[in-house]
Each structure stands twice: as C-alpha cells, then as structure tokens.
Amino acid sequence: MNKKNIKKHIDRKHTNQPIQDINARFHLASQCVDKSNGIFTVLKVASGQNSPLHVQNKTWGEQQKVCCESNECQVNMEVAQRSGMLSYQCMHVRSVSFCTSSAEGVSLKEDVLTEMVRAKWFGDEKKNMCLARQQLAVSSSVPLSVETSIGSPQTKKFISVFEPNVSYYSRLGRVIVVYNTKLNTWHCPCSKVRRSCPHKYIAKWHLFQTDRELFRTVFSREESPPQKAHTHSEESNVTEDHPLYPPNDLGLKQMVQYILQNKMIPAVLPDNIRAPSLGQDYPKYLCPEETVCHRCPGVVPLSDPILITKRAKILSNWCIVEEVSTYCKQCPLCGMFYRYQEWKDQLHNFNDHIILDIHLCLILRNLLQAHTAVSRAVEFLQDLTGLKYPPADTVLHAYLHFEALTDHEYKYSCITCGDHPPVVIMDLHKKGVFHLSVSDIQGPAENFDGEVNLEKFWETMSCDMIGRGFVSSGRHNPCAVSPTYHFWAPWIGKATRRSDSVLNTEFEKIHVSKSVSEISEITVTEERLREELYKQKVVVIRKLCKECGLDSNGSRSDLLLRLSNEMKSRQTYDKIFDKIWGASGGWAVIMCPCGIVYSIKCNLRAESPRDFADLLLSWKHMPNVIIYDFARGLATHLNLRASEKLPISPFEGRLAEPIQSNIELAKCGKLKVSLPWLNTKKTEPDLNGHPVTGSSDHYVLYDRFHEANTKDSKDVLRKLTLVPQLAGKVNSQVAEQLFAKMKKNNYFLNMSLPSTHLFQMRNIIHHYNEKKNNKLLERLKKTFGGMMVKNVYGQAVFGKLTSFFYFLY
C-alpha cells in the first residue's frame, strides 16, 4: 500500500461511516448512449476497477420507464416495495439525474465489415448477421453500437451493443461488450468466456472502424482449453474390533438413535469452536460425560470407564495426535453403551479410533463447496504436513458423520422469493448419478400408494452415516439404506411441502401393463433421445452400432445417421434408450429464478414428467408459472394424475387459447400475455389462489433452450417471452448454471455408494443455498442500513419486528 493511501484506506475499511447519499457532489459517473429511449451507462460502484451497466430513465412520451438492469437492484426494489418504501430508487438511477455527457453512436460501414472478412476476422455468415442486426437497429430507431468513455481501467474498451430480444442479460435491450486491450480478451454477458456471439462481432466491427490500431498485432482468442478427466477410487471403511464394543444389531441401533437425539452439533458454532486449533493441547483421554443411564427409569449409575483403544488418533489440518485413549461406559441394567461425543472440546469422534478436529471438518465442508474431493484434501494434507493420514474414504465417512450430527435445518428456501415461489425453473442433472443395477432395486408392496415419509427417510439416512462409525463395512451396518421404490424420498423444505408425507411414484415406471393415462403420457420422445445421442462420444456411438447390428465403421456423422434411421425400429429404440437415457436417473431439481434450490429428487430410473409431478404435487402451493424443457408432457401428465381438479389450467398450461390467430401472432412475436399479479398481488384473490400472487392460474412454459424443440404448433403459446413480467427478468438458465457447477463434483460423487451420494448431494446443495442467501442478506442490510425480517411468506422485508414477522439470521 502506498503511504499516501493509508488515510483513505482507514476511512473506507476501518471507520463506521454512514452510507454516502447520492448528490451533486457525490454520484456515480454516467453517460447517455440512447437519447430517444433514455438509456444511460452508469458505473456499478464508486471506486476501484469499474465497469458500467445500463439504466433507463425515460420520463417523457407515452411509454415512460425508470429501471436499472442490475439484478441486485431489482431485488432491492422488490424488497422496498414489499416494505412500503414505494419511492425507493437505487444509486444507479439516482446518479443519472446528474449526467452531463452523452456518447455519440457511430454509423458503421459495410465496406469496413467486408475488409474484416477479407482479413479473416470472421466469415461471410457473421457479416450477414451483423448487417441484419444493423437493419433491425435502424428500424427500431436505436444506435447499433456506442462506445462509452466511463469505466476503468483505461486498458478496457466498453461498447454498448443493441440486442433485439429482452432477456436476463439484456433487460433494457442492450448489452455491454468489454475488450481488454492488454490481455486481448473479449467478454459479453450473453456467452461463456472465449465463446463468440453477435455482440462481440458488432463490437469488433465498431472498434475496427474507430480504433484500427488495436487490430494491427493481435489475434482473436475465443477457443476454450480442454478439460482434464478425473478418477476416484472405490469407497472403503475399516475400523478395529473390540470384544465388548461396539454392540450389534438392536444395541447398535439404540446407540445410534441416542447419539442422533442427544449429541447434535449446532449449525452455527461459537467463534471459539470455529477458530483454528493451531498450538492447542488436545486431551489424551476421551471419556463420555454421562454418569447415569438415559434409557432406564430412575437413577441408574453407569459402569466405570471401559478402555476401547490406546491408539486412537486426532486429525487436524496441521498435525496428527497419536496415542490417544478412548473409553466407553455401559448401563448394568439395559446394557446400553455410551461413548465420547463432545463437540465443545473442538473434537468430533467418528469411530473411537479416528477423531477429527472441528476446524478440519469445516475446512472439508468449504473444500467441497469449491468442488474439491475429500480424497484430494487428504492428499494435500499429507504433502503439506509430511504425515500419514488414514485412507481418504475413512476421512470422508468421518466428515459425513459430522454433517449427519450437525443440526442443519435444510430450509431450501429463498429469502427473496419466500417459501412459496410463484415462478420456478425445473431441470434434470443427468450426469449426477451413482452405480446401481436397476434389477437390484427391491420392488414395492402391492398396496403401496406412492406416499413416503420424508422426515423418516432422511433421519434413517443420517442414522446410516452415524452407524458407519461403529462397523467395519456397510454390510454390517443395521442402519444402512439401500435404494427401494417404497422407501426413497426427495427433499423439500419444511415450509414449502404440504406435509411430511410426499410422493414418489417411480414404481409406476416399471409396470408392464399401461393404463390409458400412462399411454397418453409422453415421456421420452424420439427427438429428445436423438438429442442426447448426439452428445455422446464416438466410442459410445460405435459400440451402440455394434449392439444394434449396424456397420460400426466410418465417421461419427455416418454412425449417427445409421442409428437415427434405425431408431424408428422399437427394438433399436429400446437399446439406445437403455444405453443413453435408462442408464441412470439423475437429479430432478426445482429452483426459483434467484438460483436457490427448493426441491431435489434422486431418480432411480430414467427421467420423465412423473418425477417433477411428484415434487409439485407434494408442495403446499403449486407455482403459478412452471418453466420446464418438456412443458407439454408435464402439463399432460399433471392433468391426467389429477383429472378431477385439472391443476394445470387455463388452456392446459398455455398462455392463450390455442386458436390459429393466437398461434400466428405468437409466431410473429406480436402476442403479449400480461400477468400483472406476478408483480402485484390480486386485490381479490382467486379461490385456492397462490398466497403471494392471489391467482389460481397455473402455466407450464418452455425454457429458452428448448422452446424450439417441439413439433406441436400450439407450443408456441408456451414461450417465456410472451409474458412481459417474465421476459428479461427470469433467467431460465439458472438450472443449467447450477449444473455447470455441480458437474465439477461428479468425479467423486458418481463413484460413491447410493446413500453416500444422496446424503452428500443434499448437504452440498444446502450449503450452496445458505451461501447465496447469506450473501444476499448482507447486501440488503448494507443497502437499507437496518434490520431485515421475514414476512409470513418467508420473504425478506425491511421493518420492525412484529407478531407477523421473525428475525432473519
């Protein structure tokens, strides 16, 4: 740090100052880029390296609009409106009032674009795309591209580019493309890093015409590096045996239940427990604190401490403490064993031979959030300390033992959308699987109706994790959970689900004789299966050709063509289905537009709308708008499942009546269906209406990726962009973005046992949700400078605590 900056640093970081208000002397730099529509670029923050964003402040004409494209500001606005602060404006909108400059648009020339094609910056197809965008901008009376002079550092160029379609990254019809002249990299919010898009082409066109020197000695960098594959060893867990301890069967179950009910670890640990334990003197003798039996009536003293082992080890992130003695006690009447399990000593006892330091458990938790397997963490600790740690799988089971005893609420709820979100996005994480033969799954009883007690199932799953601390292998664990159709439950937050009894009707997938409803239900069409087939590697495709009796020689395209033609045969279709789709179930996920996961379900069989219908029918209040990649199939299945109520209505989940005039208008982009209750609750709620919106309408729409994949002309009425309240506000790709993160865990999750995979996935998603919620909560507190509370629907609001609200922690 420079000496001259110390005073300013102290003022900013180490002094509690009130939030600076926007005024003529202090405001964010801004510049007008579209005078006719009142579009401005405004710096995101007041200091540091900074990039601009778009703000619209049009207070004239018939269509007046004041809006900021920042998602954080949108959330703040919703919280302010719920809290009665109707005049609230974010600092970006307020800063526009002090704007004194404007950036002039440049009339881009076609001959410059032709010169770029000759120089091989891109081809004729991209040139035609740029010219089409230019014509569209001219017809819309908006500038195609404008370079804004605000933003830092000076080595970056910021180009505001016209975007005709409103989406989550272009809420105001423009995007900002950033070119780093020092690193020669381009960034656009609509595409991944090092991937081209129309906005980047237009920005290059703009800079090639206005600042050609930038293109003298640089080359385009838009290819992504290859990713490395990962491997993982099979799980194993070995502990020593003792002649008296641990107990077997019923005695072990009783001991596990006692630990689960009486030795829970707080979800939020005190600071002295969370602190690193460097230099701590660990105890050498670990004895249970209980002195009397908790099961027998009256006061029954326990036996004297019984030695289990003298060779236990305490593992920390900096050392291993050896020669630790662990003890147990036994009740002389009932025979119940009690062991050391005291988290207040900063220790977590796994199996009486391996004891983890609490801080090490927290490190492993955070490493998993960074997609680092426990096996890699153990390898790192061994390299760092030079010590020999136990096998990685033993450490993994010890960590899961810690998480099973941690008193997590698993809320699975967003503080912005509340416990009952009116809009949800659903998708399947196909690559998140575990190894299991479908034939090994135990079938349900004849009278099984698909109802599973969710709390009982997940409590049993926790007992499975705890029981591993007493046995040498899973075969000897009386609490072990195996996949079965009648006892396999999803997870839905307590405030969101209708009761502890939830639906799981996957057993219906195995029925040979199909009812009328099953025949009407469309599960996996030939087009969807072909789409998945095209994603496979050439080795898999070549093997499939051999299994189907086709020629396996030739290029990848030749093989795909043969399989596609042969897929019309039912026998070939079944083979491809079993290989590509039926190999695993994957994870069905329901999320809110903010990216918080509300429900997860690990499918035992191939995905179908049935899995998502089970989740939705288990909710207390079904969302008004459901976004799914197979909307028509889901709407059909839900209405067949509950034909007496028709939960998906009106128009079978379409946005308008499926008549030819509406279909033609929707194809031309001229049909708009307003759902005002998404922004403001109905003054007179419908019968059985949603508690947040007051509407009883339920629509099933396609996400942006799959809206063109259907052959039914009526499905054009399921487009997300037809609803003004959703277009540009709802990011239908949040599920894909979550899966992009979760697939980084596949290299260790997919090698796990089914119960390990299931328990660990729910726990990872829980911490992911909590992290996003806490980040948003801190920002809201900073923005509004006061206490945040939840209303009766679980949504964050700013105000005083009353009987209708409760604190947000």
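What covers the buried residues of α5? In this predicted model, the cover includes α4 (110-118), β6 (156-162) and α6. The close-ups below take α5 piece by piece.

**View 1. Helix α5, end to end.** This helix runs through residues 124-139. Let's check its length: at 1.5 Å a residue, the 16 residues of α5 should span 22 Å, and the end C-alpha atoms sit 23 Å apart, which agrees.

**View 2. The buried face of α5.** Look for K127, C130, L131, R133, Q134 and A137, which are buried.

View 3. Just past the end of α5 comes S141, with a positive phi of about 60 degrees.

**View 4. Where α5 meets α6.** Helix α6 (residues 198-210) packs against α5 at an angle of about 85 degrees, and the two axes are 10 Å apart. Angles of 65 to 115 degrees count as roughly perpendicular, so that's what we call α5 relative to α6. On the α5 side, the contact is made by K126, M129, C130, L131, R133 and Q134; α6 brings P198, H199, Y201, I202 and W205. Sort the residues of this contact by type and you get seven nonpolar, two polar and two charged.

Note on methods: Residues numbered from 1 in each chain as written. Predicted model: local features only at pLDDT ≥ 70, side-chain atom pairs only at ≥ 80, totals over all residues. Heavy atoms only, no water. Axes fitted to C-alpha atoms, helices over the stretch in contact; angles between N-to-C directions. Helix = DSSP H or I, 4+ residues; strand = E, 2+ residues; numbered from the N terminus. Parallel < 35°, antiparallel > 145°, perpendicular 65-115°, else oblique. Contact = heavy atoms within 4.5 Å. Nonpolar A, V, L, I, M, F, W, Y, C, P; charged D, E, K, R; others polar. Expected span 1.5 Å × (residues − 1). Buried < 20%, exposed > 50% of the residue type's maximum accessible area, 1.4 Å probe, protein only.
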